[in-house]
Amino acid sequence: MNFEDFLRCPICGCNFSRFENSLKCEKGHSFDIASSGYINLLKPGKMNNAKAGDSKEMIKARSNFFLSGAYSNIRNKLCDIIGQYKNDVIIDAGCGEGYYTEGVADKFGVSSVIGFDMSKFGCEHGAKSARRMDKSNVLYSVSSIFEMPVDDGCADIDINLFAPVANEDFLRVLATQGRLIVVSAGTKHLDGLKKILYSDVYDNEEKFPSYDGFELAGVENLKYDATISGYDTIYNLFTMTPYYHRTSLEDKEKLKNVNELNTTIEVNFAIYKKL
Ligand SMILES: C[S@@+](CC[C@H](N)C(=O)[O-])C[C@H]1O[C@@H](n2cnc3c(N)ncnc32)[C@H](O)[C@@H]1O
Ligand SMILES: [Zn+2]
């Protein structure tokens, strides 16, 4: 399947045709594919929202952390879950730099996988990596996940990892019986990191809200111990967490001489079925 079969113009909603390095809709709106391979499908008036996406530094920190392999179990488990369902078209909503998007595209080589993120830097990183790996079944598009530029009911699976949950648009883009997989932190996730930073450490609160039009079909838990080596890798992990924004400078200093971090990694995969 070609991506232009289900992508649609963010301005007028019409479908696209491909002309060399651009997509043009029936009404003549044209969007260029960047030289790295991603496409910016943000509505022109919403370009400033792009600042809401992760910065270049955040994307770089995250991709360097992923090289450690500490989250590869999460990626493998995600693929195991996706493999249980029809998965011809998979959307990664809030894909960041594409670690999970690429893992899924690699595992399901005949599926079409689209990563949407507000961060141009995330999409650029993902597209460059896909090109290096010669993966043509994955496309990255700069877009809001609250208004994804795709046809109603086009996707079999919508994955959403550590990103805002745009449940109304997820419902629209999924086919009936399609699955939404929301991945979030479990109670003990990163307890080792929190023990270094804070004197009082609380468990994370787990929430599996119900969403209109979906049935929560199940929750799968993944929990394991990991050792993360090297100050840079540990600090990169820290910058990926919500704690980075709410930790005082004084507490941040506590990470300074840490070269080895032993921590629990715990995440939940909430699987919602579109009714
Ligand atoms: C914590 S990161 C997670 C990225 C990726 N899923 C991962 O787990 O590595 C959250 C991502 O959501 C993106 N994001 C936040 N709000 C968004 C929105 N309204 N539309 C699209 N992407 C958004 C950010 O740019 C960022 O890349
Ligand atoms: Zn148009």
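Strands here are DSSP runs of E with at least two residues, helices are runs of H or I with at least four, and both are numbered from the N terminus. Two strands pair if DSSP finds at least two bridges between them. Four bridges link S1 to S2 (residues 22–25), antiparallel, and Phe19 sits opposite Ser22 in S2.

Before I go on, the housekeeping. This is a predicted model, so local features need pLDDT of at least 70 and side-chain atom pairs count only at pLDDT 80 or more, while totals for chains, interfaces and linings use all residues. Residues are numbered from 1 along each chain as its sequence is written, and chains are lettered from A and ligands numbered from 1 in the order in which they are written.

Now the other sheet. Eight strands form an open sheet with mixed pairing, in the order S4-S7-S6-S5-S8-S9-S11-S10. Its edge strands are S4 and S10 (214–229), each pairing on one side only. H4 packs on this sheet, touching S4, S6 and S7, and its direction makes about 165° with that of S7. For that angle, axes are lines fitted to C-alpha atoms, for helices over the stretch in contact, and angles run from 0 to 180 degrees between N-to-C directions. Elsewhere in the sheet, S5 (residues 89–93) and S8 (residues 155–161) run parallel and are joined by three bridges; Ile90 stands opposite Ile157 in S8.

So what about H4 itself? Its 13 residues (residues 120–132) should span 18 Å at 1.5 Å a residue, and the end C-alpha atoms are 18 Å apart, which agrees. The expected span, by the way, is 1.5 Å times one less than the number of residues. Ten of the 13 residues are buried, among them Phe121, His125 and Ser129. Buried means 20 or more other C-beta atoms within 10 Å of the residue's own, exposed means 12 or fewer, and partly exposed is in between, with C-beta atoms placed from the backbone. Besides strands S4, S6 and S7, the buried residues pack against helices H1 (56–66) and H3 (99–107).

Two phi values to look at. Most residues other than glycine have a negative phi. Asp134, in the loop between H4 and S7, has a positive one, near 60°; Asp134 is exposed, with 6 other C-beta atoms within 10 Å. Phe162, in the loop between S8 and H5 (167–173), has phi near 50°, and with 16 C-beta neighbours inside 10 Å Phe162 counts as partly exposed.

Over in S11 (residues 260–274) we find Asn268. Is Asn268 buried or exposed? Buried, because Asn268 has 20 C-beta neighbours inside 10 Å. Beyond four places in sequence, its contacts (C-beta atoms, placed from the backbone, within 7 Å) are Ser184, Gly186, Glu206, Val219 and Asn221.

Last, ligand 1. There are 20 residues around ligand 1, and Gly53, Gly94, Gly96, Met118 and Ala163 come nearest; near means a C-beta atom, placed from the backbone, within 6 Å. The shell has eleven nonpolar, six polar and three charged residues. Nonpolar covers Ala, Val, Leu, Ile, Met, Phe, Trp, Tyr, Cys and Pro, charged covers Asp, Glu, Lys and Arg, and the others, Gly among them, are polar.

Technical notes: Contact = placed C-beta atoms within 7 Å.
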